[in-house]
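Hi,

Here is the structure I promised to pass on.

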Amino acid sequence: MLATAVSRGIASGKAVCLFGTKRQYFLTRISPTAVDDEVARFHGAVAAACEQLSRLVNDGDPAARSSAGIFDAHLLMLEHSTLASDVESFIRKRLVSAEWALRQIAEDFADKQSSISDANLRDRVSDFEDVCERVLSSLDGGGIDLPTIPPNSVIVASIIRPSTLIELGRHRPVAIVTEHGGWTSHSFIMAREMKIPAVTGVKSALRLIRDDMPLLVDGYSGRLVINPTAAAVAGSTAFDRSATPASSANLHGSTTADGREIVLRANVDRLDQGFSLSSAGTKGIGLLRSEYLFPNIIGGLPGEQTQFEAFDRVAEACGPDGVRIRTFDLHVDHLTYLAEDRELNPALGLRAIRLSFADEKRFREQIRAILRANSRGNVSIVLPMISGVADITRVRRLIAEEKQVLFDNGSPLPDLPVGAMIEVPAAVMTIDNIVKHVDFICLGTNDLVQYLLAADRDNEAVAANYQTLHPSVIRSISSVIRAADQVGISTVVCGEMAGSPFYLPLLIGLGAREFSMNPNSLNSIRSVVAGISFEEANDLARHVATFETAEEIEKYLRDFYSDNWPHLQPLSPVTARSE
Ligand code: PEP
Ligand code: MG
């Protein structure tokens with residue numbers, strides 16, 4: 001079946017189906033000696049869920065009477081149904097984890113109820129699901145590591161959370177198949193970094209695919225084969241090896257054919273990355289997505305010292321090329337297990353800098369951790385989702401105050417350069433003001449495209465609306481680079497566009513000189529830089545400015561590339577979006 005390729009490579013293996021929306025889980029068998037502990041863990045989670053519900057019923061806002069009634073019904077369901085005893089006997093009989101047992105009992109209940117014609121009884125299915133979700137969330141609370149997946153596992157999920165991928169990363173799956181997601185979803189940005197082939201947009205994957213089914217995943221063409229023949233597996237994997245790019249002849253230079261210097265940096269989101277960057281020939285870390293250094297963030301933000309130690313390790317490893325640490329780009333949903341705390345529209349809610357401002361005490365802790373990690377003078381701070389000058393002046397005031405506190409306590413520290421992520425239209429429209437208040441600009445094209453076109457980057461249903469080459473995107477990029485040039489500060493392009501051989505010549509033509517990308521893209525990007533001239537790229541960009549649609553621009557780029565740079569083939573958005 002045809003899906004959307006989101007991480008290159010081909011792999012075959014056996015399906016491991018992943019369920020749950022927060023802490024994700026899969027079929028896990030336990031030994032007879034572990035049964036009592038597992039049952040105790042389950043009852044602990046039920047007790048925690050009951051306590052949460054009692055609090056919601058008793059301490060809730062008196063105006064919210066109707067929701068108190070719902071929570072009361074949920075509490076009754078949990079205390080007086082056979083749910084807990086059914087799950088306990090399932091664990092004991094089948095020797096499986098509490099999560100898995102709860103899921104089987106919940107499915108069984110839903111199957112029975114959905115055949116009933118009484119609408120009231122059918123409504124109980126969704127209440128029951130809510131109750132089960134709450135107990136599942138409480139099961140997460142213990143901070144227990146995800147169990148090991150077998151070798152050669154292909155993860156199949158509705159969505160895969162970045163934190164799950166980090167935890168599973170210890171026992172790497174060979175491939176990933178999901179129902180939902182997009183090229184710039186964080187999970188797939190990570191899959192590409194980890195070189196795990198992935199496809200998305202597979203409708204009803206969790207109904208079609210069962211645990212242990214053999215799968216073949218083609219992350220080039222987006223093909224997914226269930227129960228492939230041995231010949232299909234052998235043929236595809238042979239193709240994958242032949243598709244591995246030969247190492248580039250020009251590994252160390254990053255200068256265009258006519259001598260324009262291009263600076264390449266790395267995007268990093270795991271502590272185990274980033275320590276061999278100098279040998280990869282990059283100018284340090286252009287974007288450290290700090291929230292991903294702490295995969296258990298849902299259990300609570302890490303304190304100042306924990307953050308400092310992580311940032312300091314990275315800063316030490318980066319040497320004089322330095323690291324640009326982005327403050328937490330989280331939204332409320334990343335921090336809560338509770339359904340009632342979630343926002344309806346997280347991308348437009350308390351996200352990134354807004355969430356940091358909402359809890360200034362914790363934000364000051366992060367600022368102090370970053371200031372302290374800058375003892376060598378090689379750290380900068382990057383602010384996500386800035387919408388105007390007011391955000392920047394507010395952060396600058398906090399930095400100045402915290403720097404003073406550290407100074408008073410005997411720690412004089414170097415100045416901390418401040419950069420703004422330009423990701424929302426309001427920032428683009430006020431860019432001529434913003435550039436006067438920052439030391440550098442980071443162009444976050446993943447979100448910029450999302451917010452300019454109002455197209456969710458994680459939703460494959462609007463993938464056709466998420467148009468990287470839309471004229472509004474190109475004009476925005478151009479005006480940001482021009483505004484930064486005018487005041488003499490640098491712009492680093494750090495969205496997925498930066499690591500794409502297809503988009504790179506256009507970005508260079510628009511004036512971009514600095515790029516930060518997935519380290520796996522560095523080699524192919526270097527050969528593109530060496531194979532084009534700035535003059536030609538600039539001509540290309542001038543022409544692109546005359547088109548009115550993304551489709552026309554894409555066609556023009558393809559034609560231009562095949563006419564002028566045949567030595568760089570194949571350059572197309574599908575085959576060369578990124579490594
Ligand atoms: C971006 O939005 O382009 C970006 C680099 O940040 P992230 O992908 O982490 O949102
Ligand atoms: Mg972003």
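Below is what turned up, starting with the metal and the ligand and ending with the aromatic rings.

One thing to keep in mind: this is a predicted model.

**The magnesium ion**

Which residues hold the magnesium ion (ligand 2)? The ion is coordinated by Glu423, through OE, and Asp447, through OD, at 2.0 Å. Glutamate 423 lies in the loop between strand S12 (418–422) and helix H15 (425–429), while aspartate 447 belongs to helix H17 (residues 445–453), so the pair ties together parts that are 24 residues apart in sequence. Are these two buried or exposed? Glutamate 423 has 2% relative accessibility, so it counts as buried. Aspartate 447 is also at 2%, and counts as buried too.

**Ligand 1**

Now for the other ligand. There are 16 residues around ligand 1, and the closest are His186, Arg289, Arg326, Asn446 and Arg457. In the side chain of histidine 186, an N or O atom is 2.6 Å from an oxygen atom of ligand 1. Arginine 289 brings a polar side-chain atom to 2.7 Å from a ligand oxygen. With glycine 444 it is a polar backbone atom, 3.4 Å from an oxygen of ligand 1. How much of ligand 1 does the protein bury? On its own, ligand 1 would expose 290 Å², and the protein buries 100% of that.

**The aromatic rings**

There are 11 aromatic pairs in total. In one of them, phenylalanine 547 and tyrosine 556 have ring centres 5.2 Å apart and planes at 45°, so this pair is tilted. Tyrosine 556 also pairs with phenylalanine 560: the centres are 6.0 Å apart and the planes are at 50°, so that pair is tilted as well. Tyrosine 556 and phenylalanine 560 are four residues apart in helix H22 (residues 550–564), which means about one helical turn separates them. Both of these residues are buried; for tyrosine 556, the relative accessibility is 18%, and the cut-off for buried is under 20%. If you zoom out a bit, you can pick out one aromatic cluster made of Phe502, Tyr503, Phe547, Tyr556, Phe560, Tyr561 and Trp565.

**Charges over rings**

Last, two arginines to look for. The charged end of arginine 260 sits over the ring of phenylalanine 534, at 3.8 Å from the ring centre. Arginine 103 lies over the face of tryptophan 100, with 5.9 Å to the centre of the ring.

How values were computed:
Residues numbered from 1 in each chain as written. Chains lettered and ligands numbered in written order. Predicted model: local features only at pLDDT ≥ 70, side-chain atom pairs only at ≥ 80, totals over all residues. Heavy atoms only, no water. Phe/Tyr/Trp six-rings, centres within 6.5 Å; stacked < 30°, edge-to-face > 60°. Buried < 20%, exposed > 50% of the residue type's maximum accessible area, 1.4 Å probe, protein only. Helix = DSSP H or I, 4+ residues; strand = E, 2+ residues; numbered from the N terminus. Lys NZ or Arg CZ within 6 Å of the ring centre and 35° of its normal. Near = heavy atom within 4 Å. Polar contact = N/O pair within 3.5 Å; in protein donor to acceptor, adjacent residues only side chain to side chain. Areas by Shrake-Rupley, 256 points an atom, 1.4 Å probe, with all protein chains shown as cover. Donors = N, O, S within 2.8 Å, 3.2 Å for Na, K, Ca; no water.
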